[in-house]
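The stops below proceed from the whole chain to single residues.

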Amino acid sequence: MVCDMVFQNGPVKNGHFNGLTEEVLLAVLIHRYESHQDGPFKCSFNHVVLEHLKQAMAAAHKRTKDRLLRAVEGDFKP
């Protein structure tokens, strides 16, 4: 099965989403790997992938929190 994914283009301001954010994609992958680990595909490799995905999500959330504190969230500033 093939599907097209459209990623967010530009900043998200005032709830203006026009595509998937990286955090949404990470959430989908985390859910899939948690399902693998709760079913017949449980293995140490999937565990490692799941832990790294969770670390990536935590880092993305930390970045957003930092940008909110600096009042630059939603801008193109670094």
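A residue is called buried when its relative accessible area is under 20%, exposed when it is over 50%, and partly exposed in between (1.4 Å probe, protein chains only). The model is predicted, and local features need a pLDDT of at least 70, side-chain atom pairs count only at pLDDT 80 or more, and totals for chains, interfaces and linings use all residues. Residues are numbered from 1 along each chain as its sequence is written, and side-chain values use heavy atoms, with hydrogens and water left out.

**The whole chain**

Display the protein as a cartoon; it has two helices and zero strands. Helices (H or I, at least four residues) and strands (E, at least two) are DSSP runs, numbered from the N terminus. The protein is more spread out than a compact globule, because its radius of gyration is 15 Å, well over the 12 Å that the globule rule gives for 78 residues. This radius is taken over C-alpha atoms, and the rule is 2.2 Å times the number of residues to the power 0.38. Along its principal axes, the C-alpha trace spans about 45 × 30 × 15 Å.

What share of the 78 residues counts as buried? The share is 17%. The accessible surface comes to about 6300 Å², and carbon and sulfur atoms hold 61% of it; such areas come from the Shrake-Rupley method with a 1.4 Å probe, and for residues only the protein chains shown count as cover.

**The cysteines**

Select Cys-3, which counts as exposed at 59% relative accessibility. Then select Cys-43, which is partly exposed at 30%. A disulfide is a pair of cysteine sulfur atoms within 2.5 Å, and by this rule the count is zero.

**Between the helices**

Select Tyr-33, which lies in helix H1 (residues 22-37). Is Tyr-33 buried, partly exposed or exposed? Its relative accessible area is 22%, so Tyr-33 is partly exposed. Contact means heavy atoms within 4.5 Å. Leaving aside neighbours within four places in sequence, Tyr-33 is in contact with Asn-46, Val-49, Leu-50 and Leu-53. The C-alpha atoms of Tyr-33 and Val-48, 15 residues apart along the chain, are separated by 9.9 Å.

Leu-50 is buried, with a relative accessible area of 6%. Which residues does Leu-50 contact, leaving aside its neighbours within four places in sequence? They are Ile-30, Tyr-33, Glu-34 and Gln-37. Between the C-alpha atoms of Leu-50 and Gln-37, 13 residues apart along the chain, the separation is 8.9 Å.

Finally, select Ala-71, in the segment after helix H2 (44-69). Its phi is near 60 degrees, a positive value in a residue other than glycine. Most residues other than glycine have a negative phi. Ala-71 is exposed, with a relative accessible area of 61%.
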